[in-house]
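Thanks, everyone. Let's bring it up.

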Amino acid sequence: MSQFRRIGVLTSGGDAPGMNDVVRSVTRAALSNGVEVIGINGGYSGLVNDNVRHLSARDVSNIVNIGGTILYSDRCKEFKTEEGMAKAIAVCEKYNIDGIVACGGDGTFRGATDLSNRGIPTIGIPGTIDNDITSTDYTIGYDTAMNTAMEMIDRLRDTCESHARCNVVEVMGNHAGGIAIQSAIACGAVACVICEKNFDEKAMMDKIKRLRADGKRGFIVVVSELIPNYAEEGFAKRIQEETGVETKFARLAHVVRGGNPTLRDRVTASRMGSRAVAELLCGKSNLVICEQAGEIVSVDINLAQTADRLYKGKAKPEELDRYSPEEKKIILALGDKKRKRFDDMYALLEEISG
Ligand code: F6P
C-alpha cells in the first residue's frame, strides 16, 4: 500500500487541449487509490504563491471535453530562483503534497527535475501542441491543434480556389514543424517551410508557375512560425511578384491552441495521467510519461532532456558521457527517429503536391 497522502497536479507552459483530461485522469486515478489530490493553480507559480485547491472527483466532472486548463497555466520565472524554489517546497510541506504530476513542455520538465532533486517526487507528462519532446512520439494537444489548423486552412483553400489565389499560412510550433508539415499534407499545400528541412524557394516559385500554366487555380503554402524571411507577409509579396499569382498572408497564431480536445488527445491524456499516478504510488520519480510506438512508457527525465537538447542542437558534447553505451544508443535513436519522420513527411509532400 502506498505511503502517499496527497499528490499535487499542475499544468504549466503554453496550454494545450487535453490538459483537462490529464487533470481529471490524475485526480480520479489518485482518488481510486485512496490518495487525495491538490490542484496547483497557474503552473509552478501556484506553488510559489500558495495558490492551490483541493480536487474532488466532482471538481473534475464535465471537463473531459473542454480546451485550455481549469488549473490555468503560466511560465513562472520566480520558480527558477532559489527563493522561489524554497517557497514552493514550503507550500508542498504545508499541504502534505508527497508527489507531483506536472503536465507541460520541456520547461515544465526542468521544473519537475528541480522538485524531485529537492525531495518532492515529480513525474512529467508531455502536454504541448508543438509535439517537440524528443523522447515521445506524441504530446497532448498536438492532434487537436493539427485538426484546427487543417480546418482553418481548408477555409482558406475554398476562397483561394474561387479567386485563383495563393495563401501563405503561418502556424504555431515553436521551432518544431510538426503542425506545419502535417497540416500541409492534409490540406494539399503546394509547399511547406519548416525548421527541420532546407527550403528551396526558387523550386517552389517554378512549381507554382508551372502548375498555374497547367490550370491550377488555388495554392496553399504552409509556414511554421519563427522562420525568418518566411513567417511574414514579405514572403507572400515575393510569391505574388515572382509568379504573378495574387497571394495573401494569414497567421493562425493562438487559434490552434484552443478548442475541444480530439479523441486522440483525450484518450492519450487519460492514459498518461493514470500511468503517472501509478508510477508515483510505486515510489518512482523523475520520469516523463511517453508514447512510443503506440505504447505508454516511462522514460528517465534526465535521459529525456538530454535526448531533447541533443536533437535541438543545445547539448554540450560531454553531456552524453554520463550515460552507459546502451543509454547513449537510446538517446541517439530517439533523435534519428524524429529526423526520419520529418524526412519522410517532407518527401511525401513533395511527391504528391502538384
Ligand atoms: O508551446 C506552445 C506555443 O503555442 C508555441 O507553438 C508558440 O511558439 C508559443 O507557445 C507561444 O507562446 P505564448 O502563448 O506565450 O504566445
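A word on terms. A pocket here is an open set of grid points with protein on both sides within 12 Å along at least five of seven lines. And keep in mind that this is a predicted model.

So, the largest pocket. Its volume is about 610 Å³. The lining has 28 residues, and G13, G14, R75, D106 and G107 lie closest to the centre. Which helix gives the largest share of that lining? Helix 4, residues 106-117, with six residues. By class, the lining of the largest pocket has 12 charged, 11 polar and five nonpolar residues.

Next, the second largest pocket. This one has a volume of about 410 Å³. It is lined by 20 residues; D106, D132, D308, K312 and K314 are the closest to its centre. Helix 10 has the largest share, five residues. The classes here are nine charged, seven nonpolar and four polar.

Now the helix pair. Helix 6, residues 178-186, and helix 11 have axes that come within 10 Å and cross at roughly 30°. Angles under 35 degrees count as roughly parallel, so helix 6 is roughly parallel to helix 11. Their crossing is left-handed.

Who makes the contact? From helix 6, G178, I181, Q182, A184 and I185. From helix 11, F342, M345, Y346, L348 and L349. In this contact between helix 6 and helix 11, eight residues are nonpolar, two are polar and none is charged.

How values were computed:
Residues are numbered from 1 along each chain as its sequence is written. This is a predicted model: local features need pLDDT of at least 70, side-chain atom pairs count only at pLDDT 80 or more; totals for chains, interfaces and linings use all residues. Side-chain values use heavy atoms; hydrogens and water are left out. On a 1 Å grid over the protein atoms alone, a cavity is a set of points where a 1.4 Å probe fits but cannot get out, and a pocket is an open set with protein on both sides within 12 Å along at least five of seven lines; lining residues have an atom within 4 Å of a point. Grid points are joined across faces, edges and corners, and a volume is the space filled by probe spheres set on the points. Helices (H or I, at least four residues) and strands (E, at least two) are DSSP runs, numbered from the N terminus. Ala, Val, Leu, Ile, Met, Phe, Trp, Tyr, Cys and Pro count as nonpolar, Asp, Glu, Lys and Arg as charged, and the others, Gly among them, as polar. Axes are lines fitted to C-alpha atoms, for helices over the stretch in contact, and angles run from 0 to 180 degrees between N-to-C directions. Angles under 35 degrees count as roughly parallel, over 145 as roughly antiparallel, 65 to 115 as roughly perpendicular and the rest as oblique. A crossing is left-handed if the near helix is turned anticlockwise from the far one by less than a right angle, and right-handed if clockwise. Contact means heavy atoms within 4.5 Å.
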